[in-house]
Amino acid sequence: MADHDIDTGDFDFSFIEKRLGVTRRTFLKFCTGVAASLGLSTQAAVAMAKTIADPKPKKRPPVIWLHGQECTGPSESLLRSEQPSLEHLILDLISLDYHQTLDTGAGHKVEEMKKKSMEENKGKYLLVVEGAIPIKDGGIYCKIAGETMLHATKEAAEHAAAIVAFGSCASWGGVQSASPNPTEARGAQAVLPGKTVVNIPGCPPNPANFLGTVLYFVTFGKLPPLDEQNRPKWAYGRLIHENCYRRPHFDAGRFATEFGDEGHRKGWCLYKLGCKGPETYNNCPSLEFNNVGGGVWPVGVGHPCFGCSEQGIGFNKPMFALADVKTHTPPNAFPEIADREQKQGISPTAAAIGGAAAGVAVGAALMAGKKASGGSDSSGSQDA
Amino acid sequence: MSAYKPLGGRVLTPAFLFFAVIFAISLYFMVERFTDGMGAVANINGGFPWGIWVVYDVIIGTGLACGGYALAFTVYVFNKGRYHPLVRPALLASLAGYALGGFGAIFDMGRWWQFYNILLPWNWNFNSVMLEVGLCVSLYIIVLIIEFSPAYLEKIGATGLLKVLDKTLFFFIALGVLLPTMHQSSLGSMLIIMGYKVDPLWQVLQFQPLLAVLTAIIMGYSIVIFEASLARVGFGGADETPLLAVLGKVSVWLMIAFLVIRFAVLAAQGKIGLIFAGDFASLMFIIETILFVLPAVIIASPTMRQSPSKLLFAAVSMLFAGALYRFDAFLFTYDPGPGFSYFPSAPEIMVTLGVISFEIMAYLVVVKTLPVLHRSEQA
Amino acid sequence: MERRDFLKGALGTGAAAVVCSVSSGSAEARPNLEPNGEAVGMLYDSTLCVGCKACVAACKEINGMEPIFRNGDEAYDAAADLSGQTLNVIKIFKDGTAAVKDAEQDGFAFEKRSCMHCVDPGCVSACPVTALKQQANTGIVTYDPDACIGCRTCMTACPYNVPQFQYDRAFGKIAKCQMCNQKGVERIDKGMTTGCVEACPTGATLFGTRDALLAEAKRRMELKPGEIYNYPRGDVRKPDSYHEKPVPTYKNHVWGEKEAGGTNVMHISAVSFDKLGMPPLEERSYASISEGVQHSLYSYLALPAVALAGLSFLVKRNVDGEENGGDS
């Protein structure tokens with residue numbers, strides 16, 4: 001990306017610069033990056049930047065963040081983002097009224113604050129669900145402060161302006177939903193029929209997927225386009241197989257067959273080792289993880305993808321079982337049944353010569369015929 | 001004294017030079033075929049391994065060269081000695097046609113430098129129709145050379161050899177009737193193993209050899225009429241119309257026999273409906289049939305048969321019909337599967353025209369320098 | 001026309017007709033060649049194929065064939081079909097939106113094209129110089145470039161258009177799959193499988209004896225669609241790995257079981273075979289019909305010898321008669 005200065009008019013960025021400890025340029029670069037991964041233009045980036053950097057924002061939307069059956073991986077992954085001090089950014093953008101990990105307080109006080117915030121901000125707060133919700137035996141297998149996760153989720157969802165399921169557990173059940181699913185763990189959508197839940201699956205999900213979606217929402221006041229599983233299309237619209245940089249090896253038939261073999265060491269495709277990239281929708285190969293440079297994602301470090309974000313694949317299909325290849329998109333190309341290695345069709349020259357030859361033959365015959373009937377005695381002349 | 005005389009006269013006539021130019025151009029492409037591979041010159045491909053070099057130069061070309069064969073039946077089997085004057089020119093045309101057909105076959109061979117493999121008995125695959133065609137054509141070319149040799153031997157005055165030949169010629173003439181029967185029918189048999197690729201209207205399976213040999217004989221008589229007419233027009237000479245008229249009648253009867261058998265076979269194989277299918281194959285079949293039947297109309301009565309031009313047109317119609325029959329079966333209605341197509345390239349056509357030109361040039365030179373044409377034909 | 005001539009003509013045509021009806025009658029005398037259950041073959045399951053083309057790449061490498069580049073892009077082998085340098089290719093069937101794998105409508109499916117190693121090969125029957133031979137024990141159809149004259153009759157005789165002549169070379173030869181067992185490669189002789197089988201990650205291409213493969217194919221036909229089956233990979237008799245997959249709705253037909261006498265390389269699929277480009281074949285092989293005609297006419301050259309004797313007699317008599325002032 002060119003390092004030219006982006007035109008932001010006479011907007012004052014000093015507030016956000018001080019708050020985050022970054023320069024205006026770095027901040028704008030960050031916003032442009034997020035906008036680009038969302039497939040949006042520089043103007044959108046500027047709009048986002050101005051929204052975030054507004055020193056006098058409209059009242060920051062409150063967020064209630066619930067944790068169910070989970071490992072806090074999504075939150076942790078969010079906190080591992082480094083540019084720039086994302087946790088500050090999120091915390092400034094929103095009013096995180098309830099987060100079991102990040103809250104400074106503990107105990108009943110915190111629970112009371114949750115209830116109070118939900119009451120005061122009825123219809124205006126954003127509900128983020130992290131972790132699965134067990135429903136067996138009334139949901140007693142996950143309780144927080146004496147309340148089942150099931151009840152807490154339903155109660156919080158009642159008056160939420162928007163609901164985001166962050167991570168595979170909240171999206172569709174995650175690891176605890178693996179067969180035989182003894183606690184009957186479910187995703188948030190499954191226990192909230194009639195409500196729209198935006199799913200950001202992944203184990204952990206890429207924090208940028210969450211961040212980008214939230215920023216989009218805050219800037220434009222609506223959610224980005226979602227697919228039929230309510231995942232933002234910008235992040236989950238493509239198979240990992242479609243963006244994987246080991247794809248040329250798949251297309252050329254170069255596979256690692258064992259960990260440590262020649263193909264594995266050369267970085268060949270991991271399909272034969274059970275990579276679920278061909279049936280998993282996510283953007284891991286594009287964004288990778290931890291902002292520490294290239295190659296930091298499972299396939300990049302030499303382990304096949306296990307489909308952590310895909311319901312029915314992650315924690316369901318065996319790790320090293322072969323994946324179904326869902327679609328075949330360019331650059332993969334196949335000849336069709338009737339495609340042949342063939343030259344062009346009829347060249348005009350050929351047609352002309354052929355036609356002329358046939359014409360000469362017919363003409364000669366006609367002429368000879370005329371001459372033949374012209375006289376039956378020898379003329380003595382020789383034309384040939 | 002020989003009843004035959006060289007025509008004499010200038011060899012480098014305008015016509016000769018015209019053909020020489022075409023031949024010269026074709027030489028370039030012939031050399032290219034050897035230096036750069038067949039693909040550089042021809043459009044043959046995976047589905048159409050045989051293009052006009054095989055289908056015209058070899059298959060149709062030898063069909064057109066059946067004059068000697070057809071006349072051998074008439075003169076030596078049915079003992080019509082009065083057709084003798086027509087024999088030598090027909091033999092010359094046959095020799096030219098078959099020799100160039102043989103050249104065409106080797107030219108078209110992908111591994112031509114190993115062509116001798118087909119002559120080695122330990123390589124022979126007796127199931128192969130192609131083996132029969134290859135060996136039989138090669139043998140027949142030798143027989144034609146022997147059959148035609150009197151013309152050359154007379155010119156050089158080798159009376160001793162001529163006497164020997166006289167005593168043994170009957171055997172070679174017998175071969176000259178047997179061998180074309182064998183390989184011309186085999187040219188039809190080659191279609192059997194092509195199976196579904198040959199259009200059903202032409203894929204008569206077990207009847208391929210019979211239909212093929214009939215068309216060969218028809219084309220043989222027709223080419224005799226054709227070259228005799230052209231020779232008279234081009235070189236002057238006696239009018240052979242009465243003889244040609246009978247040949248015309250015979251070929252028309254043969255053509256009727258051919259069509260009867262053909263339609264009977266198609267009916268027995270349940271394919272008559274395909275003739276009216278309205279597709280390209282049915283169109284070609286109908287055109288073929290019209291070209292075959294036309295002569296029956298043109299030379300229906302003895303009076304009409306006395307018209308040299310009508311005879312010529314009838315002969316040309318049957319030649320086109322015979323050629324089209326082979327073109328249709330091997331190329332025009334041949335379908336090896338979806339996506340395959342073939343049309344000869346310009347260089348490919350030039351090579352074929354070059355071969356034809358060389359044939360005509362050779363005929364002209366020989367007819368003028370060797371005693372081929374019958375003495376009484378010349379003024 | 002004189003009666004004598006008419007009789008001669010009718011006799012001639014009659015003789016020809018008799019010969020041909022004899023040949024058509026005795027054409028039945030050469031039935032299809034029998035399949036050899038112990039012949040080596042392969043089974044291609046289109047529903048297992050994921051279009052990775054590892055088999056195409058492996059085949060090129062093992063057989064020393066160059067890739068085909070198009071449009072100046074030298075990143076991919078863009079083979080469109082079998083050719084002088086492609087012995088194995090994966091093609092795609094597409095319909096409508098081509099969204100669902102192995103669906104005939106609005107779906108797509110893969111098809112592998114390579115030598116079918118027929119039980120009654122047309123190419124072997126047609127080759128004049130025995131350049132194409134069928135190995136007795138393995139059933140592999142081999143090619144000997146030293147015997148080949150390049151007449152390309154084998155190309156016309158193959159219903160699958162498998163043998164491909166190298167038209168782009170001055171000294172070309174026929175190219176076709178020889179089950180990786182030709183001189184210098186000899187994988188089967190060394191007890192290995194073919195290259196394509198070894199490369200295939202899903203076991204879409206399986207190796208084995210014809211009997212074993214046919215049994216496996218029929219087993220799959222009998223499974224209920226949706227049922228989970230443990231698909232073997234490699235040699236069907238001793239697979240090196242398996243993978244579980246729900247059984248698709250196969251077309252209840254094993255291509256190559258009977259077509260034109262049968263093939264040693266068989267296909268199964270969820271899409272009908274005519275859509276996958278298989279030719280319209282019936283059970284009778286064209287080689288058997290062609291050989292029937294050829295042998296009834298030319299067996300031991302008996303008929304030709306008789307004909308030659310008769311003709312020689314006739315011709316000599318007429319030639320001598322002419323000299324003595326006979327018919328004119």
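This is a predicted model: local features need pLDDT of at least 70, side-chain atom pairs count only at pLDDT 80 or more; totals for chains, interfaces and linings use all residues.
Local features rest on pLDDT of at least 70 and side-chain atom pairs on pLDDT 80 or more, whereas totals for chains, interfaces and linings use all residues; side-chain values use heavy atoms, without hydrogens and water. Residues are numbered from 1 along each chain as its sequence is written, and chains are lettered from A in the order in which they are written.

**View 1. The interface of chain B and chain C.** Chain B contributes 70 residues and chain C 73 residues to the contact (heavy atoms within 4.5 Å). About 6,100 Å² is buried between chain B and chain C, 61% of it on carbon and sulfur atoms; buried area is the accessible area (1.4 Å probe) that two parts lose on being put together, summed over both. Of the area that chain B buries against chain C, B:Arg111, B:Ile193 and B:Tyr196 supply 13%, more than any other three residues.

View 2. B:Asp108 pairs in a salt bridge with C:Arg152, with 2.7 Å between the closest N and O atoms. Helix 6 of chain B gives the most to the side of chain B that touches chain C, with 12 residues; helices (H or I, at least four residues) and strands (E, at least two) are DSSP runs, numbered from the N terminus.

**View 3. The interface of chain C and chain A.** Here 34 residues of chain C are in contact with 24 residues of chain A. Chain C and chain A bury about 2,200 Å² between them, 60% of it on carbon and sulfur atoms. On the chain C side, C:Val50, C:Tyr76 and C:Ile92 lose the most area to chain A, together 23% of what that side buries. Two salt bridges are counted between chain C and chain A; A:Arg340 forms a salt bridge with C:Asp81, the closest N and O atoms lying 3.0 Å apart. Nine residue pairs are in polar contact, both at pLDDT 80 or more. Strand 2 of chain C provides the largest share of the side of chain C that touches chain A, six residues.

View 4. C:Ser46 is placed in the loop between strand 1 (40-45) and helix 2 (54-63) of chain C. C:Ser46 is buried, at a relative accessible area of 0% (buried means under 20%, exposed over 50%, partly exposed in between; 1.4 Å probe, protein chains only). Beyond its neighbours within four places in sequence, C:Ser46 has contacts that include C:Lys101, C:Asp102 and C:Phe110.

**View 5. The largest nonpolar core.** This core has 235 residues, and those with the most contacts inside it are B:Leu86, B:Phe148, B:Trp202, B:Leu247 and C:Tyr160; a nonpolar core is a set of buried Ala, Val, Leu, Ile, Met, Phe, Trp, Tyr and Cys residues joined through side-chain atoms within 4.5 Å. Helix 7 of chain B gives the most to this core, with 15 residues.

How values were computed:
A salt bridge is a side-chain nitrogen of Lys or Arg within 4 Å of a carboxyl oxygen of Asp or Glu. A polar contact is a pair of N or O atoms within 3.5 Å; within protein, one must be able to donate a hydrogen and the other to accept it, and residues adjacent in sequence count only if both atoms are side-chain atoms.
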